[in-house]
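Have the viewer open as you read.

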Amino acid sequence: MNKDYELAEAELDVLMEQLTIEKAPASLTRRLKRIPREERSRAGFWSWLFPDSFPRWAMAPAFAAVPLLVLAVVLMQPRQPSPAEVEQARQDLAVAFAYMDKVGLRTGSEIKTVLGGELRRGVKDTLSEHMPFTEQSHKEETT
Amino acid sequence: MSREFRQWVDEYQNQAWTLARYILKDAAEAEDACQEAFVKLWNHRDSIDPEKIRPWLMRVTRNGCLDRLRRRRPTEELQEWHQPDTTPGPMQGTHQKELGARLKRSINGLKEPYRSLVVLRDIHQHSYEEVAAVLDLNMPQVKTYLHRARKQLREQLAEVRP
């Protein structure tokens, strides 16, 4: 049994030795030798854009940044408003100024009403204290 | 670098071709698989340890061939790799020729990874370490699988032995 095994193994070894590495066909050799030229021309643009020194991990963020960059450029473009928008803005501004005028007038009259009496009284009291004749002249004036 | 690549082509194309032929049993597909493997070699040339070019290439060639096998329809007829042996050699006797042809067919009939193991170790004469690296196996696995593969081959040869 052991002898049979050894014989079979030896026979297999001999047969294996006959199986040589096959020579690749010339067509394959030609295809393989064209690879550097073909790959260089195929990868021309991309190798210019991303040279070998460009880290691979940075590829994804670089690609993701492209649409953001385009959007930013579009948004930053100066834009001329349409005539309708100008007219609308003018009307809005007129309403705003009219409102501000109204508020200004009302505030002015409020200040005048509240502060005016107080100021007058304050000035009159001070003057009559230091210059009593003013009280007299005031009375004359009023009569 | 281009010159270095041509040197790799000269050195390894026959081995890649033989491995692809044994796995795919189809000359045209084997050519395509070899080309794909060498394109990958060109594209990764800077990241591969120059000492490990051969195992790397054999591994990529084998994986490419196995992918092609998986993509084939199960019913697809495979072209039998049975070239007439016209080269004169030590296998002169009819019986030896018959055995040689039978051995080729038997190797073709082995399942993976046995077939690649036999091709890489017994035909390409790669070291055990290199075979282990190509096939992603450890050394005991390589030895065990190779033993099983050779056992199958011996049994099949015994059927045609007079």
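Which are the buried residues of α3(B)? They are B:P55, B:W56, B:L57, B:M58, B:V60, B:T61, B:R62, B:G64 and B:C65. Buried here has a cut-off: 20 or more other C-beta atoms must lie within 10 Å of a residue's own, while 12 or fewer makes it exposed and anything in between partly exposed, with C-beta atoms placed from the backbone.

Residues are numbered from 1 along each chain as its sequence is written, and chains are lettered from A and ligands numbered from 1 in the order in which they are written. This is a predicted model, in which local features need pLDDT of at least 70 and side-chain atom pairs count only at pLDDT 80 or more, whereas totals for chains, interfaces and linings use all residues.

Back to α3(B). This helix has 19 residues and spans 27 Å from its first C-alpha to its last, close to the 27 Å expected at 1.5 Å a residue (the expected span is 1.5 Å times one less than the number of residues). Its buried residues pack against α1, α2, α5 and α6 of chain B.

Zoom out to the whole of chain B, and you'll find seven helices and zero strands. Of its 162 residues, 34% count as buried. Take the contacts in chain B between residues at least 6 apart in sequence: 67% of them join residues at least 24 apart. A contact means that the two C-beta atoms, placed from the backbone, lie within 7 Å.

Now for the core. The largest nonpolar core has 40 residues, and B:A16, B:A20, B:C34, B:A37, B:L57 and B:L117 touch the most other members. Such a core is a set of buried Ala, Val, Leu, Ile, Met, Phe, Trp, Tyr and Cys residues joined through C-beta atoms within 7 Å. The elements giving two or more residues to this core are α2 of chain A plus α1 (2-24), α2 (27-43), α3 (53-71), α4, α5, α6 and α7 of chain B. α1(B) supplies the largest share, nine residues. Because domain 1 (1-72) and domain 2 (93-162) of chain B both give residues to this core, it lies between them; those bounds come from an automatic or database domain assignment. In soluble globular proteins, nonpolar side chains tend to be buried together.

A cis peptide bond, with omega about 5°, joins B:E112 and B:P113, and B:P113 is found in the loop between α4 (94-109) and α5 (114-123) of chain B. B:Q125 has a positive phi of about 60° although it is not a glycine, and this residue is found in the loop between α5 and α6 (128-135) of chain B. B:Q125 counts as exposed, with 12 C-beta neighbours inside 10 Å. B:D136 also isn't a glycine, yet has a positive phi of about 60°; it lies in the loop between α6 and α7 (139-160) of chain B. B:D136 is exposed, with 11 other C-beta atoms within 10 Å.

Over to the partner. Chain A comes to seven helices and zero strands, and 5% of its 143 residues count as buried. Where do the chains meet? 22 residues of chain A are in contact with 33 residues of chain B. On the chain A side, α1 (2-18), α2 (26-33) and α3 (35-42) each give two or more residues, with α1(A) giving the most, seven. That side divides into eleven nonpolar, three polar and eight charged residues. (Ala, Val, Leu, Ile, Met, Phe, Trp, Tyr, Cys and Pro count as nonpolar, Asp, Glu, Lys and Arg as charged, and the others, Gly among them, as polar.)

pLDDT is the predictor's confidence in each residue, from 0 to 100. Chain A averages 78, and chain B averages 83. In chain A, confidence is lowest in helix α7 (residues 133-142), at a mean of 59, and highest in α2(A), at 92. In chain B, pLDDT stays under 50 over residues 79-91. Where pLDDT is low, the predicted coordinates should not be read in detail. The model scores ipTM 0.73 and pTM 0.58.

Terms used: Helix = DSSP H or I, 4+ residues; strand = E, 2+ residues; numbered from the N terminus.
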